[in-house]
Amino acid sequence: MAYDWISLTTDYGLCDGFVAACHGVIARIAPPIRVIDVTHSVNPQQIRPGSTVLAQTVPFLPEAVHVAVVDPGVGTDRRGVVVVTPRGLLVGPDNGLLLPAAEALGGVREAYELTNPDYRMPHVSATFHGRDIFAPAAAHLALGVAPEAFGKPVPDLVVLPEPRVDAQPGKLTSEVLTVDHFGNVQLAATPNDFDKAELNGPLYVHRGRKTLRVEFARTFADAPTVLYADSAGRLAVAVNGGSAASVLDAVPSQECTITSSPSDS
């Protein structure tokens, strides 16, 4: 099956030529294929935020070959893989990055290791597999090369541990999944977790020694500081006209606790 689109999600940033090199490799192998840049601003080497952004985005993209590279294990014995789903292919390192997106696209049908030298650059850098392995693989896949042509089947893909969420009466603790451009703090917890915590009255979000009083609201304009269900169905914290991440000094993988008390206990 051929595809008209390739998407790119990386932690490369835009200060260097890394993203352009990946675009260039794709363009040289598959000139007709169009590329969508999801983001290149994933926090460096942070696999879970990268996987979250990818999984929350791919359902809204055309069927495509989705390349994702957040790869602290580049150059080691970690595998490069292509994952087949009912609504597209995923290409990248086998470190847990791809699996949430695969579930969002209907689940994993099969996966193959990227080992065939016919579908990579002639000289592979130990530190730039995005350019030398993943981009060329995606280009060939988009042109219709079958996933099984790339290497042996992979039955045991790496799975990230579930994000931490603990809902108890009067207290909800949750891992921070992402922080967006506006400083909104997305939690792993959902409105159902909030209901399980049976929180009433004033609400306080605690992160370390930082505390922010919030109101449960529908959208940003409803209160100066809000706890709301975001567009991905997760709980999130926002400061209207400001940055909740700055107020709470919050970054992905940390934990926030929501209580009805100014104290987090």
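Which helix does serine 246 lie in? Serine 246 belongs to α6, the helix that runs over residues 244-248. Keep in mind that this is a predicted model.

**Salt bridges**

- The tally for this model is 8 salt bridges.
- Aspartate 71 pairs up with arginine 78, and their closest N and O atoms sit 2.6 Å apart.
- Arginine 79 has a salt bridge of its own, to aspartate 156, with 3.0 Å between the closest N and O atoms. Arginine 79 comes from the loop between β3 (65-69) and β4 (80-85), while aspartate 156 comes from the loop between α4 (129-142) and β7 (165-168), so this pair ties together parts of the chain that are 77 residues apart in sequence.
- With a relative accessible area of 1%, aspartate 132 counts as buried, whereas arginine 131, at 28%, is partly exposed.
- There's a network too: salt bridges link Arg48, Arg164, Glu175 and Glu255.

**How α1 packs on α4**

- A pair of packed helices is described by the angle between the two axes and the distance between them.
- For α1 (residues 18-29) and α4, the axes come within 9 Å and cross at roughly 40 degrees. That crossing is right-handed.
- On the α1 side, the contact is made by Ala21, Cys22, Val25, Ile26 and Ile29. They meet Gly130, Arg131, Ala135, Pro136, Ala139 and His140 on α4.
- Sorted by class, the α1 and α4 contact comprises 8 nonpolar, 2 polar and 1 charged residues.

- Is serine 246 buried or exposed? Serine 246 is exposed, because its relative accessible area is 57%, and the cut-off for exposed is over 50%.
- How far apart are serine 246 and valine 82 in space? From C-alpha to C-alpha, serine 246 and valine 82 are 38 Å apart, and 164 residues separate them in sequence.

Notes
Residues are numbered from 1 along each chain as its sequence is written. This is a predicted model: local features need pLDDT of at least 70, side-chain atom pairs count only at pLDDT 80 or more; totals for chains, interfaces and linings use all residues. Side-chain values use heavy atoms; hydrogens and water are left out. A salt bridge is a side-chain nitrogen of Lys or Arg within 4 Å of a carboxyl oxygen of Asp or Glu. Helices (H or I, at least four residues) and strands (E, at least two) are DSSP runs, numbered from the N terminus. Buried means under 20% relative accessible area, exposed over 50%, partly exposed in between (1.4 Å probe, protein chains only). Axes are lines fitted to C-alpha atoms, for helices over the stretch in contact, and angles run from 0 to 180 degrees between N-to-C directions. A crossing is left-handed if the near helix is turned anticlockwise from the far one by less than a right angle, and right-handed if clockwise. Contact means heavy atoms within 4.5 Å. Ala, Val, Leu, Ile, Met, Phe, Trp, Tyr, Cys and Pro count as nonpolar, Asp, Glu, Lys and Arg as charged, and the others, Gly among them, as polar.
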